[in-house]
Amino acid sequence: MKKKINGFLILPLLVIAGCSSDAALSTSGSTVTPASLAPAASPSVKPVPPPPPAAPVAVTPPALPSVSSAASPTTPSSSEQNGLSQSGYGFDQWQTGPVGDVFFEFDSSVLSSKAQEQLAKNAAWFGRNTSKSARIEGHCDSRGTSEYNIALGERRSTSAKEYMVRLGVASPRLETVSFGEERPFDSGKSNEAMAKNRRAHFVVK
Amino acid sequence: MQFYRNVISTIFALCLFVIPLHLVAAPEGEYIIISKKGSENITLALNKLDVQRGDDGKVAHSLDLIIRDALAFPALFTILAPQVTVQDNSGINYSALGSINAEVYVRGTVTTIAGNVTLDMKVYSIGAAKLLFSKTYSGKETQLRPVGHAFCADLVEHLTGRRSAFGSKIVFVSNKTGFKEIYQCDFDGKDVEQLTSSRSISLTPALSPDGKNLAYTDYSTGRPALYIRNQLDGKTVMASKSGISIDPAWRNSRELATTLSFEGDQEIYLLKSDGALYRRLTRSNGIDLSPTFSPDGNKMAFVSGRNGQPQIFIQDLLSGEARRLTFNGDYNTQPSWSPSGDKIAYTTCENSGEFNIFTVGTDGAGLRQLTAQAGQNESPSWSPDGEMIVFTSNRDGKKRLYTMGATGRNQLALLQMSGEQMQAFWSLFRK
């Protein structure tokens with residue numbers, strides 16, 4: 001029993017590690033170590049590159065649709081282009097804030113290199129706008145069962161939050177919630193629609 | 001330690017309660033004659049009810065329909081309308097009934113006096129050529145359903161030795177109003193009633209076995225939280241913890257379990273029926289979700305992502321040991337423990353992307369697929385007698401509730417209602 005409790009203590013640190021076979025697509029599956037958490041607590045912060053343990057791929061230039069295609073084939077690239085052309089952030093008409101959403105593979109809460117780039121930008125924005133806070137909503141596509149999707153959505157929002165906290169955003173500024181599959185951004189059944197719904201959505205306050 | 005003591009005393013109390021019932025419930029082994037092991041259905045010859053007096057036939061006709069509809073429901077019976085010649089002045093013509101392969105013959109008379117209805121029913125075993133039971137039911141002319149269903153419940157108990165689903169409730173989610181709210185209906189889909197009006201998102205209802213409390217998840221505060229509604233006065237309490245709450249289930253009428261994330265990871269906890277946190281049940285890295293309990297409350301089946309993709313595990317609450325139950329498919333969720341205790345129904349995402357309902361023995365043997373090639377099928381929940389399963393399917397375009405026999409036979413829509421319906425939970429008899 002005691003052994004299990006000790007095992008549980010390191011559990012929050014492993015949240016980002018995710019749990020899907022799709023992890024093969026991603027570069028962030030093993031980025032978090034206890035050591036990398038320690039220096040991240042300072043509340044205001046300049047734009048920082050992703051921490052050293054993150055895979056080198058993540059430090060490539062800001063996401064351009066053509067460059068990023070390898071990272072996440074199901075990311076909705078067309079709507080992403082819209083978002084970029086309008087404000088430099090965001091991915092579709094539902095995204096109105098200055099901070100961009102990040103997208104996930106099916107049944108995964110693992111941050112792709114592209115998601116990590118977006119979160120680095122988001123963290124930089126919060127570094128410049130120290131009075132702002134955000135609610136990070138975890139969302140899922142309609143595949144999967146709805147109870148499980150609430151849990152998965154929470155893991156997505158927590159993944160995004162933990163990453164930004166490691167980049168220096170103070171934890172209390174980022175609230176997380178999961179909507180599972182209850183609030184789809186696109187009610188369509190196409191792969192592109194599904195991909196749009198698998199996200200951590202930022203609502204800036 | 002207190003927990004173990006409670007569990008042990010609960011088991012002891014359950015034993016005291018259950019054993020005498022079992023001794024009483026079996027009507028001298030008569031039902032063994034009728035329900036042949038392995039046979040699919042009991043063939044029932046059901047006579048039209050006779051009018052004794054004081055009625056123009058309307059009450060008898062109504063009761064006839066109520067009983068006929070109800071008996072068609074549990075997927076237990078093949079119902080025959082016998083020829084008039086099966087009964088004459090000298091008695092029951094057993095050989096004529098036997099020749100149409102009837103196993104049980106049912107007849108009855110209705111008496112209506114000043115709005116009070118009396119129903120006299122007689123049930124005969126054709127194989128044994130004798131009266132099985134005879135009983136009188138009474139009620140008001142304006143409320144005939146309980147009268148007819150009381151007879152149906154007795155009939156099923158006599159023939160199978162088990163309690164029936166008659167009189168039980170089904171709670172479910174519908175977005176009829178534009179918001180997902182909780183509703184309930186009778187076992188046969190009749191008498192639909194809306195229970196919540198939060199105009200938010202209300203999900204995963206579960207009735208306590210005594211029917212007094214309804215647990216569900218609700219987003220009224222902006223995040224999914226556990227609510228417990230007193231079914232008698234409609235008052236609700238919210239069990240507030242930071243993080244989220246997902247998918248509650250009752251262990252007995254005093255304790256329920258749900259997933260909470262306030263400690264960081266998503267784990268399953270036991271709570272008292274007033275919402276007070278009681279004990280943590282799981283300790284694993286990953287999602288732990290959707291508890292469902294064995295009839296004795298000593299084991300819990302649940303969904304865990306501890307190995308990566310979601311699979312169903314069974315945990316012994318005394319030892320804390322958990323073992324993996326499901327091995328077919330990469331995505332198994334929504335377990336529901338059968339009232340007889342020997343099976344788990346659950347939802348699989350097949351390689352084709354189709355969601356279907358399966359049952360498997362609690363020892364992992366006897367895997368059986370219940371739905372196939374009929375849209376997406378999910379959220380199985382057993383009827384309290386274990387004869388049927390209610391589930392959600394979009395086979396006709398939108399999500400609606402269906403029932404089927406425990407082996408997948410006889411899949412029928414439960415109710416007609418606007419909007420979509422999902423996440424049905426069938427009430428239990430557990431104490």
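**Conventions.** I number residues from 1 along each chain as its sequence is written, with chains lettered from A and ligands numbered from 1 in the order in which they are written. Since the model is predicted, I keep to local features with pLDDT of at least 70 and to side-chain atom pairs at pLDDT 80 or more, whereas totals for chains, interfaces and linings use all residues, and side-chain values use heavy atoms, with hydrogens and water left out.

**Confidence.** Where pLDDT is low, the predicted coordinates should not be read in detail.

**The two chains.** I took helices (H or I, at least four residues) and strands (E, at least two) as DSSP runs, numbered from the N terminus. Chain A has seven helices and four strands, and along the sequence they follow the pattern α-α-α-α-β-α-β-α-β-α-β. Chain B has five helices and 32 strands. I call a residue buried under 20% relative accessible area, exposed over 50% and partly exposed in between, with a 1.4 Å probe and protein chains only. Of the 205 residues in chain A, 55% are buried, and of the 431 residues of chain B, 54% are buried. Among contacts between residues at least 6 apart in sequence, 77% in chain A join residues at least 24 apart; for chain B, residues 24 or more positions apart account for 42% of the contacts with a separation of 6 or more.

**Ser146(A).** I found Ser146(A) in helix 6 (residues 146–166) of chain A. Its relative accessible area is 12%, so Ser146(A) counts as buried. Leaving aside neighbours within four places in sequence, Ser146(A) is in contact with Glu181(A), Glu182(A) and Gln423(B). The side chains of Ser146(A) and Gln423(B) are joined by a polar contact of 2.7 Å; the term stands for a pair of N or O atoms within 3.5 Å, where within protein one must be able to donate a hydrogen and the other to accept it, and residues adjacent in sequence count only if both atoms are side-chain atoms.

**Pocket and cavities.** On a 1 Å grid over the protein atoms alone, a cavity is a set of points where a 1.4 Å probe fits but cannot get out, a pocket is an open set with protein on both sides within 12 Å along at least five of seven lines, and lining residues have an atom within 4 Å of a point. Grid points are joined across faces, edges and corners, and a volume is the space filled by probe spheres set on the points. The second largest pocket has a volume of about 1,000 Å³, and of its 40 lining residues Ser142(A), Arg143(A), Gly144(A), Glu181(A) and Lys189(A) lie nearest its centre.

Searching the whole structure gave four cavities of 30 Å³ or more. The largest cavity holds about 420 Å³ of space, and of the 27 residues that line it, Pro335(B), Ser336(B), Pro380(B), Ser381(B) and Phe425(B) are the closest to its centre. Several strands of chain B each supply at least two residues of this lining, including strand 24 (332–337), strand 28 (377–382) and strand 32 (421–426).

**Two buried residues of chain B.** I placed Ser338(B) in the loop between strand 24 and strand 25 (343–349). With a relative accessible area of 1%, Ser338(B) is buried, and leaving aside neighbours within four places in sequence it is in contact with Pro295(B), Lys343(B) and Trp382(B). Leu256(B) is in strand 17 (residues 255–260) and is buried, with a relative accessible area of 0%. The C-alpha atoms of Leu256(B) and Ala206(B), 50 residues apart along the chain, are separated by 9.5 Å.

**Positive phi.** Most residues other than glycine have a negative phi. Gln373(B), not a glycine, has a positive phi of about 50°; Gln373(B) lies in the loop between strand 27 (368–369) and strand 28 and is exposed, at 74% relative accessible area. Asn410(B), also not a glycine, has a positive phi of about 60°, lies in the loop between strand 30 (400–405) and strand 31 (412–413), and counts as partly exposed at 38% relative accessibility.

Conventions:
Contact = heavy atoms within 4.5 Å.
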